[in-house]
Amino acid sequence: LSRIKPVDVAWLRPHPLQRDVVIATFAPAGHPFTVLVNHWKSRYGKKAVSDAIREREARAVRAELDRRLRRDPAAAILVVGDFNDNVDSQIPRETAGFALDEAVARRDGRLLFNLSATLPEAARGTYFYSQNKRWNSFDMINITRGLLTNAVPASPWQVRPATFTIHAPAGLRMGEHGAPYPFRRVGTKQGERIYSGYSDHFPVHVTLEARP
């Protein structure tokens, strides 16, 4: 996707002190789809404060989705990124409307389907919190109904079935738990700084294709 020039780019600012949401629309072969790229507030600090900021971000994304879906109920939209909340947490599910049940999303039309639900619960981890040795499912791809297989109404695009994956090969893992190998500086006795690793989150991936 990074090789395709977007036809439109906008920025959504839910909170002045947090990262903006990038809204990029692409139109290969003249058929548009839109990607909302998110990096919501971390869980660092007081829980009530961080939850409130993520809820504010979720409401802003939800309002943007509602606006676009009112205009085009078949719109092809992917809401992706690091949401710093697990897939079954209240803010992604209830405030943003990222459903874990495809049938519910298919019937509702307003809800998005969280593709993490296509994986077993034990296989959804993208971030490992070392303090409590717990995997978290913070990184997600959520899609509008128009991108589902046999969607009604349907967009010109669909998510190819069974292509949502967490990219976590051995080279990106470390330690006994196979946690993501973070990108960091390592000091040496000679005072050098050696950069190593990749990211403290695993990337997620899905394939989009023209509808048959």
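# Pockets and charged pairs in a predicted model

Colleague: Which element gives the most to the lining of the largest pocket?
Modeller: A reminder to begin with: this is a predicted model. Four strands, β3 (33-39), β4 (77-82), β9 (139-143) and β16 (204-205), each supply at least two residues of that lining. The one that gives the most supplies 4 residues, and that is β4.

Colleague: Which residues lie nearest the centre of the largest pocket?
Modeller: The largest pocket has a volume of about 430 Å³. Its lining is made up of 19 residues. Nearest the centre you will find Leu 1, Phe 33, Val 35, Leu 78 and Val 206.

Colleague: How many residues of the lining of the largest pocket are nonpolar?
Modeller: Let's sort the lining into kinds. The charged residues number 2, and the polar ones 3. The nonpolar residues of this lining number 14.

Colleague: What volume does the second largest pocket have, and which residues are closest to its centre?
Modeller: The space in the second largest pocket comes to about 300 Å³. This pocket is lined by 16 residues, and the closest to its centre are Glu 121, Ala 122, Arg 124, Gly 125 and Ser 137.

Colleague: Which strand brings the largest share of the lining of the second largest pocket?
Modeller: By kind, this lining divides into 7 nonpolar, 4 polar and 5 charged residues. By element, the largest share is 3 residues, and it comes from residues 134-136, strand β8.

Colleague: Is Glu 102 buried, partly exposed or exposed?
Modeller: Find Glu 102 in helix α3 (residues 102-108). Its relative accessibility is 30%. Buried means under 20% and exposed means over 50%. Because 30% falls in between, Glu 102 counts as partly exposed.

Colleague: Which side chain makes a polar contact with the side chain of Glu 102?
Modeller: Leaving aside neighbours within four places in sequence, Glu 102 is in contact with Phe 113 and Leu 148. The polar contact of its side chain, at 2.7 Å, is with the side chain of Arg 106.

Colleague: How far apart in space are Glu 102 and Gln 190?
Modeller: Along the sequence, 88 residues separate Glu 102 and Gln 190. In space, going from C-alpha to C-alpha, the distance is 55 Å.

Colleague: Where do Glu 55 and Arg 59 lie, whose side chains meet in a salt bridge?
Modeller: The N to O distance in this salt bridge is 3.8 Å. Glu 55 is partly exposed at 33% relative accessible area, and Arg 59 is also partly exposed, at 46%. The two residues are 4 apart, about one turn of the helix, and both lie in helix α1 (residues 47-71).

Colleague: Are Arg 68 and Glu 64 buried or exposed?
Modeller: The side chains of Arg 68 and Glu 64 meet in a salt bridge with an N to O distance of 2.7 Å. Both residues lie in helix α1, 4 residues apart. Arg 68 has a relative accessible area of 11%, and Glu 64 has a relative accessibility of 11%. Because buried means under 20%, Arg 68 counts as buried and Glu 64 counts as buried.

Colleague: Is Glu 94 buried, partly exposed or exposed?
Modeller: Glu 94 forms a salt bridge with Arg 93 (3.8 Å, N to O). Arg 93 counts as partly exposed at 34% relative accessibility. For Glu 94 the value is 52%, and because exposed means over 50%, Glu 94 counts as exposed.

Colleague: How many salt bridges does the count come to?
Modeller: The pair Glu 55 and Arg 59 gives one of the salt bridges, and Arg 93 and Glu 94 give another. The count comes to 13.

Colleague: What is the omega of the peptide bond from Val 152 to Pro 153?
Modeller: Pro 153 lies in the loop between β9 and β10 (157-159). The peptide bond from Val 152 to Pro 153 is cis, with omega near -5°.

Colleague: What is the phi of Ala 29?
Modeller: Ala 29 sits in the loop between β2 (21-26) and β3, and at 75% relative accessibility it counts as exposed. Its phi is positive in a residue other than glycine, with a value near 60°.

Notes:
Residues numbered from 1 in each chain as written. Predicted model: local features only at pLDDT ≥ 70, side-chain atom pairs only at ≥ 80, totals over all residues. Heavy atoms only, no water. 1 Å grid on protein atoms, 1.4 Å probe; cavity = no way out; pocket = protein on both sides within 12 Å on 5 of 7 lines; lining within 4 Å. Points joined across faces, edges and corners; volume = space filled by probe spheres on them. Nonpolar A, V, L, I, M, F, W, Y, C, P; charged D, E, K, R; others polar. Buried < 20%, exposed > 50% of the residue type's maximum accessible area, 1.4 Å probe, protein only. Contact = heavy atoms within 4.5 Å. Polar contact = N/O pair within 3.5 Å; in protein donor to acceptor, adjacent residues only side chain to side chain. Salt bridge = Lys/Arg side-chain N within 4 Å of Asp/Glu carboxyl O.
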